[in-house]
Structure formats: structure tokens, C-alpha cells
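Please view the sequence and the model together while reading the points below.

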Amino acid sequence: MAILGVGLIGGSIGMALRSERLAARVVGVGRSLQTLRQAQERGAIDQATTDLDEGVRDAEVVVVCTPVDRIPRDVCRAAAIAPGGALIMDAGSTKRKIVESVEADPVGCGPFVGAHPIAGSERSGAAFARPTLFRGRACVLTPTPRTRPEPLERARDFWSKLGANVVEMSPAEHDEVLAYTSHLPHALAAALSLSVPPAWQLLAAGAFRDGTRVAAADTGLWTAIFRDNRGPLLKALSSFQDRVAALKYAVMTDDAEAIRKWWDEARQLRDLYDDRQAPRERDE
């Protein structure tokens, strides 16, 4: 097993594989040997290397957990070096551009299955990795007509063994859904953080803390995600602006009934989300 990019997701994959004895050897590939050594000390990997060719040369499975703007290149390079029959997946938060780029490469296309484990955090790095990160979480696979059946079945089995609930959809559908459920909330958290003057933070409590939590996430990571998923994110931002405009008008006209209806609809949808999360939280 080779993991390219041993951060929170890659480190958690390695820890899960090793704790469940699902891999004989887990090799971590990265750009910083010091960071890789820290992942090794955490128990995420057995072996560390900064040489991608060396890291994937004997791998039966490769998971590419690098930033989304690097994933296609890393997948195709790994596919050119890994043994025949290897399974290669990514863990990127966007899918359409990644899958299209990989499928344009005849070498990269064959062993590749697009994947996105929806189990991240605002914290980054292997220091925050844990073997149970994927347990009860969704992992989206994004097969296309060019995806081969055998790697797809192995990908399903891989994520299931890590405890994830496997969901399949097209790359375009994935990007549209995640624009609303993940990318928009991150953008709003950052916007809220930007809207409150630092001097007023002394009077900010739980709502501000919870609403801005993911604004602490890695800047480079989210810059790449926003750029990679521009179209769906712009639609999601427009939808949000419409909702805010409705509240703004209700407040401006002092329409108590409109405000109540606006809040009630939001509260009911939030209750529905809580109900759907409850079974997973009981399992953790």
C-alpha cells in the first residue's frame, strides 16, 4: 500500500490499514522527510520516502491524497510506475476535472477510480489522523463509462473495510452536491470570520465559534478547491445570497411573519440533518 500525501486523510488511511491488519506494508510518500517521520511515529506508515517512484514501485494499492490541483499528475505518474494490476485512487474534494484529466491519459485511466472520503476536518496533518476517521462516514466513488469493473469493485471493498459507507455518483453530480454541502459552508465560515472585527471577538460565543470553525482550514487547500469547482460553487453562492436577501427584506420591512417562516424552514431542515446523523453518531 502506498499513500501519496500523509496528512489527515492519508494518515488516517494508513492508521486504519495498520490497526486492522489490512496491509502488509504501508509506504508514505511526501515532499518532507521530517513530516513523513512524524507520520511514522504516529503509526500511520511503516516506511517513508520522498521518491514517488520508489514509494509506488511495489504497491498493489495507491491512494493519492495530495491537493486537488496536483492529483491528476500524481495519479498518472503513479500509474506509470506501479505494478500491473495495481488499484489507484484519489481522495480529492472535487472530482470532475480530476477524473477528466486522468481519463485523458491512457496509462492513468486503466487502474484509476475517483474517490472522496467525506471525513475531513479544519485540522491538517498526520498529527490529527485517527484510525476510526472513516467509520460510518460516506465515501463517494465516481465511476464513469471508462472505469473498469475490477478496480471499481476493489475500491468498493477497500473503503468498506475502512468502515465507510460507499456511495456512487458521476463526477459532475459529486461536484454539484459538494459545492452545497461542503464548499459553500467553508466559504460562509470564512465570510463570517471576515465580518466580525477582531476587537469584538471578546463578545463572541458559541454561535461564532461553531460558525467559523472550518475557516481555520488550510488556505492553499481551499484555494485549489474553490478554483477547481468554480461553476457549482458560484451556483451555491447565488442560492445562499437569495436566502440572505429574503431575510434582509423581511427585516427591512419589519415583517415578523416572514422572519418566523424563514427561521422555521431552516430549523426544520437542521432537525432533519440531526436525525440523519444520529445513527452514525451512535455507532462511533
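The model is predicted, so local features need pLDDT of at least 70 and side-chain atom pairs count only at pLDDT 80 or more, while totals for chains, interfaces and linings use all residues. Residues are numbered from 1 along each chain as its sequence is written, and side-chain values use heavy atoms, with hydrogens and water left out.

**The pocket**

- On a 1 Å grid over the protein atoms alone, a pocket is an open set of points where a 1.4 Å probe fits, with protein on both sides within 12 Å along at least five of seven lines, and lining residues have an atom within 4 Å of a point.
- The volume of the second largest pocket is about 460 Å³, a volume being the space filled by probe spheres set on the grid points, which are joined across faces, edges and corners.
- Helix H3 (52-56) and helix H7 (149-161) each contribute at least two residues to this lining, and H7 gives the largest share, four residues.
- Helices are DSSP runs (H or I, at least four residues) numbered from the N terminus.
- By class, the lining holds eleven nonpolar, two polar and eight charged residues.
- Ala, Val, Leu, Ile, Met, Phe, Trp, Tyr, Cys and Pro count as nonpolar, Asp, Glu, Lys and Arg as charged, and the others, Gly among them, as polar.

**Helix H8 and its partners**

- The axes of H8 (residues 171-195) and H10 (residues 219-228) come within 11 Å and cross at roughly 125°; axes are lines fitted to C-alpha atoms, for helices over the stretch in contact, and angles run from 0 to 180 degrees between N-to-C directions.
- The contact of H8 with H11 comprises ten nonpolar, two polar and three charged residues.

**Helices H4 and H5**

- H4 (residues 71-81) and H5 (residues 96-103) pack at about 35°, with axes 9 Å apart.
- Ile 71, Pro 72, Val 75 and Cys 76 of H4 meet Ile 98, Ser 101 and Val 102 of H5.

Terms used:
Contact means heavy atoms within 4.5 Å.
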